[in-house]
Amino acid sequence: MQLPESGLAITSLAVLVCAILGGALTAYVRLAEKNAPIDTGLLHGRAGAAAAVLLLVSILAGNETSQNIKFALGLLVLTIMGGTVLYFLIRRKGILPKRVIFLHAVFALGAVYTLISGLSI
């Protein structure tokens, strides 16, 4: 078993998994037709953004050169854009569309899967 040269990608993966767990909780509350506190969503978003920054730093440092890692970063950027749309929708309308939540989750899970497959663990 070979570990990557940088622990940043592993740390990014761990933070991203925590963000996804927080997002799953927030989505569950929304799908149960209740409203979660906006702080929960913001904490979830900050964790996801932190994971993206850690992954970007890992790529810029030259430690992670796999194309899968770069693709995972691209998926994370799309996920962050979707999360930003969700934030503005809830601020404007007070309720989140289930389709946008689902699309946001698909991008996030795709990023995790791609990141795991790109790491040489």
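User: How far does helix 4 reach from its first C-alpha to its last?

Analyst: Helices (H or I, at least four residues) and strands (E, at least two) are DSSP runs, numbered from the N terminus. Helix 4 runs over residues 98-118 and has 21 residues. The expected span of a helix is 1.5 Å times one less than its number of residues. That gives 30 Å here, and helix 4 comes close to it, reaching 30 Å.

User: What kind of model is this?

Analyst: Residues are numbered from 1 along each chain as its sequence is written, and side-chain values use heavy atoms, with hydrogens and water left out. Local features need pLDDT of at least 70, side-chain atom pairs count only at pLDDT 80 or more, and totals for chains, interfaces and linings use all residues; this is a predicted model.

User: Which pattern does the chain follow along the sequence?

Analyst: The chain has four helices and zero strands. Read along the sequence, the pattern is α-α-α-α.

User: What share of the chain's residues count as buried?

Analyst: Buried means under 20% relative accessible area, exposed over 50%, partly exposed in between (1.4 Å probe, protein chains only). The chain has 121 residues, and the buried share is 31%.

User: How are helix 1 and helix 2 oriented to each other?

Analyst: Axes are lines fitted to C-alpha atoms, for helices over the stretch in contact, and angles run from 0 to 180 degrees between N-to-C directions. The axes of helix 1 and helix 2 come within 8 Å and cross at roughly 160°. Angles under 35 degrees count as roughly parallel, over 145 as roughly antiparallel, 65 to 115 as roughly perpendicular and the rest as oblique. Helix 1 and helix 2 are therefore roughly antiparallel.

User: How many nonpolar, polar and charged residues make the contact of helix 1 with helix 2?

Analyst: A crossing is left-handed if the near helix is turned anticlockwise from the far one by less than a right angle, and right-handed if clockwise; helix 1 passes helix 2 in a left-handed crossing. The contact includes Ala19, Gly22 and Gly23 of helix 1 and Ala47, Gly48 and Ala51 of helix 2. Ala, Val, Leu, Ile, Met, Phe, Trp, Tyr, Cys and Pro count as nonpolar, Asp, Glu, Lys and Arg as charged, and the others, Gly among them, as polar. By class, the contact has eleven nonpolar, ten polar and no charged residues.

User: How do the residues of the contact of helix 1 with helix 4 divide?

Analyst: The axes of helix 1 and helix 4 come within 10 Å and cross at roughly 160°. The crossing is left-handed. Among the residues in contact are Leu13, Leu16 and Arg30 of helix 1 and Lys98, Val112 and Leu115 of helix 4. They divide into twelve nonpolar, one polar and two charged.

User: What orientation do helix 2 and helix 3 have to each other?

Analyst: Their axes come within 10 Å and cross at roughly 155°. Helix 2 and helix 3 are therefore roughly antiparallel.

User: Is histidine 104 buried or exposed?

Analyst: Histidine 104 lies in helix 4. Leaving aside neighbours within four places in sequence, its contacts are His44, Thr79, Gly82, Gly83 and Leu86. At 14% relative accessibility, histidine 104 counts as buried.

User: Which residues does threonine 79 touch?

Analyst: Threonine 79 is in helix 3. Its relative accessible area is 8%, so threonine 79 is buried. Not counting residues up to four places away in sequence, threonine 79 touches His104, Phe107 and Ala108.

User: What distance separates the C-alpha atoms of proline 37 and threonine 26?

Analyst: Proline 37 sits in the loop between helix 1 and helix 2. With a relative accessible area of 53%, proline 37 is exposed. Proline 37 and threonine 26 are eleven residues apart along the chain, and their C-alpha atoms are separated by 8.7 Å.

Definitions and conventions
Contact = heavy atoms within 4.5 Å.
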